[in-house]
Amino acid sequence: MTNSIKDRTAIVGIGQTPFAKNLDGSEKRLACEAIVAALDDAGIDASEVDALASYTMEVTEEVEIAKNIGAGDVTYFSQIGYGGGAGCATIGHLAMAVATGQAEVGVAWRSRKRGSGGRPWANTVAQLPTPAQWTRPWGLLRPSDEIALLTRRYMHEYGATRDHLANVALACRAHANRNPGAMMFERTLTRDQYMSARWISEPLCLFDNCLETDGALACVIVSAERARDCRQPPVYIHSFGQGLPSQHHTMVNYWSDDPLGAPARACARRLWAGADFGPAEVKVAQIYDAFTSLIPLSLEGYGFCERGEGGPFTDDGAIELGGRLPVNTSGGGLSEAYVHGFNLINEGVRQMRGTSTAQVEGADTCLVTAGEGVPTSAMLLRK
Amino acid sequence: MSDGILLPVVDEDGAPFWEGTRLGELRMQRCSECARFRFPPRPMCPWCRSTASEWPALSGRGIVWSFAVSHPPLLPAYAELAPYNTVVVALDEDPSLRLVGNLIAAAGAPINSVDPATIEIGEPIQVVFDRVSDDIVLPRWTRP
Ligand SMILES: [Zn+2]
């Protein structure tokens, strides 16, 4: 594959704002602060930025970013849809642009005031047109309700239990308790607390749901050649994939022949086809966790275990630091911050640099994934 | 009931479904060429690419494929009734046709009228119709 993007680009800068329930400043200002921090981390001047990528749900457009940070002429810009499914695709699109010579310095970002800025599902005007006419009138109002229906079916078909979901919540929380930047840094969580928590949408309780966060993050992507001259050690983008499975319905995938066939499966095929290694060689993973039950689905979809084995995979501390595959080592969306999964990308970079607060010893490969249950994306990072 | 509940915004693709419920029928879209059902409704059959379709009335029988029980925070009209169930119903004529709905005690009963602890995946259910506005009739489900 001579035209592959494999290892031809690298993430050389990461930046982020603090994470909190309520931050001062607009999403635009937070975005600019995170981007400038990432460029400082890389040692690259903002005037050199010529490529930008973010989510379609991002409220600050490229023209606003470019004129705030003082970018030069931007020759590549891209927005990716489907909410949290966009995360790794922002990096992947820039990697493809830089590897093919369309641009030289790419910046991906996500800024969101989801902590203080209101809940998207409460906007009834925006949510009623197609396909919401088939779900909302009966009271299926929130992402949590939509995923609860798939979670119940998943538990029924495969025998997954609330203890498996608790394994996920507790692993993320234990990792957040080591990360001073995490919203849940000082808040421990026990299995008893999990089991007695209030319901949000049965079978999902409070601790199965991600946090509500104000915050912004950004990454800088350049060619592998240029990366060797930057301030930080390069973290190579080894492989990248996107996935929109056949007959998929976003969030409410009840209408396909295989409703529990996660979008991860379609994405994984492309991801592994572009890689020199497989799931067994991945040392640490950052897996999208808007809800705990997405983690078993993704573990199966990306090939860490067989279909239906994602629940038991989480037993015996397997996804905690020291386990077979430590997952979400900064606390993830469940316990660090929920910024549509972009914090998973920055943590993947820290793991490859050796600077995580829950550093996996000898980690030289990392999987990062984006939203499960929606058209998604994923990438493999390596040292 | 129905003050403040969300009403479907009917579009061209889905209009025949809602015409059916107004007449007390559960109609689903079926390809006129290859005879496969599809849902949600859409202009083109993904299996044979025909744009011709028809809307036969089905039996209204199905089984519970999955269910959830919603608790606050919710929109006010729904919070009043919480905790309430939502179900996904797999239809008898083609179990890959699945509709979101509510399991209720009897036609006209509220969406919190069935004890969620008694709901079981696989149990048979039957459609009933609930007029929630001048124009909109929602299908809901009861035990036969
Ligand atoms: Zn057809």
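## Strands that pair across the chains

Two strands are said to pair if DSSP finds at least two bridges between them. In this predicted model, such a pairing links the two chains, for two bridges join β5(A) to strand β3 of chain B, residues 61–70, and the strands run antiparallel. At one of the positions involved, Ser201(A) has Ser70(B), in β3(B), as its bridge partner.

## The contact between chain A and chain B

The contact draws on 37 residues from chain A and 41 residues from chain B, and together the two chains bury about 3,500 Å² between them, with 62% of that area on carbon and sulfur atoms. The count of salt bridges between chain A and chain B is zero, whereas 21 residue pairs, both members at pLDDT 80 or more, are in polar contact across the interface.

On the side of chain A that touches chain B, the elements giving two or more residues are α4 (124–127), α5 (143–158) and β5 (199–202). Of these, α5(A) gives the most, with seven residues.

## A helix within chain B

Helix α1 of chain B spans residues 15–22, and within this helix Pro16(B), Phe17(B), Trp18(B), Gly20(B) and Thr21(B) are buried. Just after α1(B) comes Gly24(B), which takes a positive phi of about 75°.

Conventions:
Residues are numbered from 1 along each chain as its sequence is written. Chains are lettered from A and ligands numbered from 1 in the order in which they are written. This is a predicted model: local features need pLDDT of at least 70, side-chain atom pairs count only at pLDDT 80 or more; totals for chains, interfaces and linings use all residues. Side-chain values use heavy atoms; hydrogens and water are left out. Contact means heavy atoms within 4.5 Å. Buried area is the accessible area (1.4 Å probe) that two parts lose on being put together, summed over both. A salt bridge is a side-chain nitrogen of Lys or Arg within 4 Å of a carboxyl oxygen of Asp or Glu. A polar contact is a pair of N or O atoms within 3.5 Å; within protein, one must be able to donate a hydrogen and the other to accept it, and residues adjacent in sequence count only if both atoms are side-chain atoms. Helices (H or I, at least four residues) and strands (E, at least two) are DSSP runs, numbered from the N terminus. Buried means under 20% relative accessible area, exposed over 50%, partly exposed in between (1.4 Å probe, protein chains only).
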